[in-house]
Every structure is written in structure tokens, then in C-alpha cells.
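I set out to record what I looked up in this structure, entry by entry. My notes begin with the ligand and then turn to a sheet and a helix.

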Amino acid sequence: MNVSLGEVVHRHRRLRGWTLAQLATRVSYSESMICKVEKGTRTPDLALAKALDEVLETGGVIARTIAAGRASTPVIPAQLPPPPPDLYGRARELHQLTEFSAAKRSPVVVLEGMAGAGKTALGVHWAHQHAASYPDGVFYAPLHGHTGRAPAEPGDVLAGLLSDLGAKEIPATVDGRARLWRSLTHSARILLILDDADSTEQVAPLLCGGSGSVVLITSRRRLSERTIRAAASRIPVPPLSRDTAARMLADLIHAGPDDHATLGAIAEGCSGLPVALRAAVEVIRDHPGRALMELAAHLSGPRHLHVLNTATARDQDSGIFRMVETSVRRLNPLAARVLQVLGARDIDVVTADDVADQLGISTSDAEEALVGLLGENLVLARPDGCHCPRLVRSVARSLNATSEAGDSTLRIAS
Ligand SMILES: Nc1ncnc2c1ncn2[C@@H]1O[C@H](COP(=O)(O)OP(=O)(O)OP(=O)(O)O)[C@@H](O)[C@H]1O
Ligand SMILES: [Mg+2]
């Protein structure tokens, strides 16, 4: 499938907010001529094609197509998955995304947060709103950093991106592919979403060339920005606040104002994680005859992880337990030990001094352990210390129980 040159001209003109007359004036041709080009009833000559490329800053695609004797270009990728049906909260993060992606040179924006916090939903929602600003295409590449599958190889991802961009020959090496990708994107304006990144090494070869494109990365881990690019901006995606989470629940289950406190308790049992909140909604919808208060006791009581795990496993690659556990498995031994203690003693907020006291280690070791936990987004930085969400503590307790029982299979303790 191809895109007509008229469509290319039309998209770029609309992006700049110009009327037909304004574009005509800029290229010194008549308005009716530009109108015919856009409608596809006239093919521009090479001089007009070059003028259009120049004023519209298309990277030369119109003149190249004319010179090759074609009337259309390869299809412009529009690969976004559907947007989430409704997005609660996130006004601040959406604003930051718009701000950072408008930064002058080659913006790279990293959305980072714990399992199921809503990174992909946020990125995809924003991308749908702004897709028209990227007339050369919107690309979406899942990198499988945490899905349980092998993380995507950069060389394979590049081969896909290059062929989507219309490259006829794909170089054999990863470096060759990365160089061609940067060359082809140099004067383009594309949006590339790299979803669920595993590491900096995985994403570094995938960055675009030039300055007109935006790369949006999501990851459960803190990627080292220095090696991605000095200009990378980080947007933390925290769990939803109790109020926002309660509002989301209220809307989705059509609850009344009297239910606010009960919904707050459920929100707390879900630690404000959208993936868990959606699962809680399913549980409530599955039991239309049961009192909300009774269901809330399950969703926020001591067995909340068990109930939410079963419900999340229905439509995610894995349940919330495995989602969090994937990050726990990446901790160094000391950070893992700290998490074990946070779970066993059900500690909500800790400082490095607390950790040093509890484990009998030096403050600098305690600080390093907390940095490890922050790096995997298993705790969140707050002014009063590091906050470990309740669901994470419950996962840690289950893992403790499993290892104490000497079990090789993981089971979910209540
Ligand atoms: N702000 C939100 N409001 C309502 N629903 C949301 C919100 N954020 C995410 N969701 C929903 O929660 C679920 C999980 O979201 P999403 O997949 O974006 O999380 P994630 O952080 O990308 O997870 P992972 O760590 O597995 O990549 C999805 O069903 C999504 O539609
Ligand atoms: Mg995701």
C-alpha cells in the first residue's frame, strides 16, 4: 500500500497550519496548482517538488519520488496500538511529555515506573493525541524487557523498522542497520515508541538520526540516561493517587458517593496500580450480587495479592505476582535482602538509616541497596524516605514464604 504525493503534501501543510494559499505563496506557484497536487490530479514537476520539500521540510521525499518517476511513496507507518479506553489522572505526565518532546534537538523521553503503573497506556494515549505532528510515520516496537519472552534483539528490531520505512536492502550487521536507520531518519519527523525496554544497550542502536524525531521509551527499570543520550528526559509514572484510583473505580463500576471510603480501601489494596485496579473492577463486575463492602474486604485484606493475581492473570501476559517478581529477580543480593525485610516486617516507608539499623549494615551500603530498589522501581522516592507499595511488600512476603518452605515452585502466600 502506498501513500500519494498529494497526501504527503497535505499532511505536511496541515502540520504547519498553513492554508493552500499560504503554501502557494511560499513556493511561488498558484493556489489552484497546489490544490490539484494535493488532490492528485496534477503531478508536480521537479522544480515544484523541490520547492515543496524545502518549505515543508520533508527531507526531500517529494523530489525523490518524482525523480524516481513514481506518484506515491511507501505507506507511512501508523503502528500505534489502540489507545486505552479511558485514562485517569496523568495530566502532569501528559504535559511533561508534550514539553519534553518539543525540546529542540532529538528528544528521547523515558516513561519509567513499576509493573502495571500505566506506562504504555500513557505513552500510547499521548502518541494518539500527537500523531499528526509526525508526518513521516509513527512506529511502535515492543522490546519485551519484562514479558517473560526473550528481550527483543536490537538487530531484529532495526530490520523491522528499516523495512517499514521502505528500505529495500537491510545491512547484515547491527551497526550497519543502526547507521542506515539514522541516515534514513535524519531529515524525517517520526515518532518511535520503544515499549518495555530491557536495558540501555538494547535501545541505544534504535535511536533516530537528525533532530526532528521523537523517541519515547517505556521501561520498568531506570535506564542509564547518560549512555542513552545526554538529552534524554525521564518522566516517572507513579501509581495513581488514592483519590484518582477511587474515582476510576467509581466510574467503572458505577458506584455512588456513599461508596467512597470502600473504594479508597480497594484502591489501597491495589497500591494505586492501574493494572490491579482494572483487575479489581473485573472481580467486582463478576459478582453483581455481592455487597461492595464484602468484595473490598477480599481486594484489600490479607489475601489481596492472591485475588488480584488471579484476576490480572486473565488478560495480562502474567499475573501481578510474576510482573513484580520479574523486577525482584533483578536485584543485587543486598537490595533483595532489604526488600525481604520490608515485606516480612510490612514496612511502608524507610530511610537509609532505618535500613542500616534493621540489617546491621553501614549507611552507605544501605543507601546503595535503596538505589538498587529505586532502579527497579520497587520503591518510590518520597520526601520522608523510600515508599514500598503494599502489593510489592505482599509479593516480597510470598517470596520469603516460598524460599523458607524450600519450594522450587513459587506460591502466593496470603
Ligand atoms: N491512567 C490510567 N487510567 C485508566 N486505566 C489505565 C491507566 N493506566 C493504565 N491503565 C490500564 O491499566 C492496564 C495496565 O496498563 P499498562 O499496560 O499501560 O501498564 P504498564 O506500566 O505499561 O505495564 P508493564 O509494566 O507490564 O509494561 C491497562 O489495561 C491499561 O489500559
Ligand atoms: Mg507496558
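Entry one, the ligand. I listed 22 residues around ligand 1, and P84, G118, T120, A121 and P274 come nearest (near means a C-beta atom, placed from the backbone, within 6 Å of the molecule or strand). The model is predicted: local features need pLDDT of at least 70, side-chain atom pairs count only at pLDDT 80 or more, and totals for chains, interfaces and linings use all residues. Residues are numbered from 1 along each chain as its sequence is written, while chains are lettered from A and ligands numbered from 1 in the order in which they are written.

I noted that α7 (119-130) and α14 (274-286) each give at least two residues to this shell; helices (H or I, at least four residues) and strands (E, at least two) are DSSP runs numbered from the N terminus.

I found an open sheet of three strands in the order β8-β10-β9, with antiparallel pairing (two strands pair if DSSP finds at least two bridges between them). β8 (349-350) and β9 (380-382) are at the edges with a single partner strand each, so one side of each has no neighbour in the sheet.
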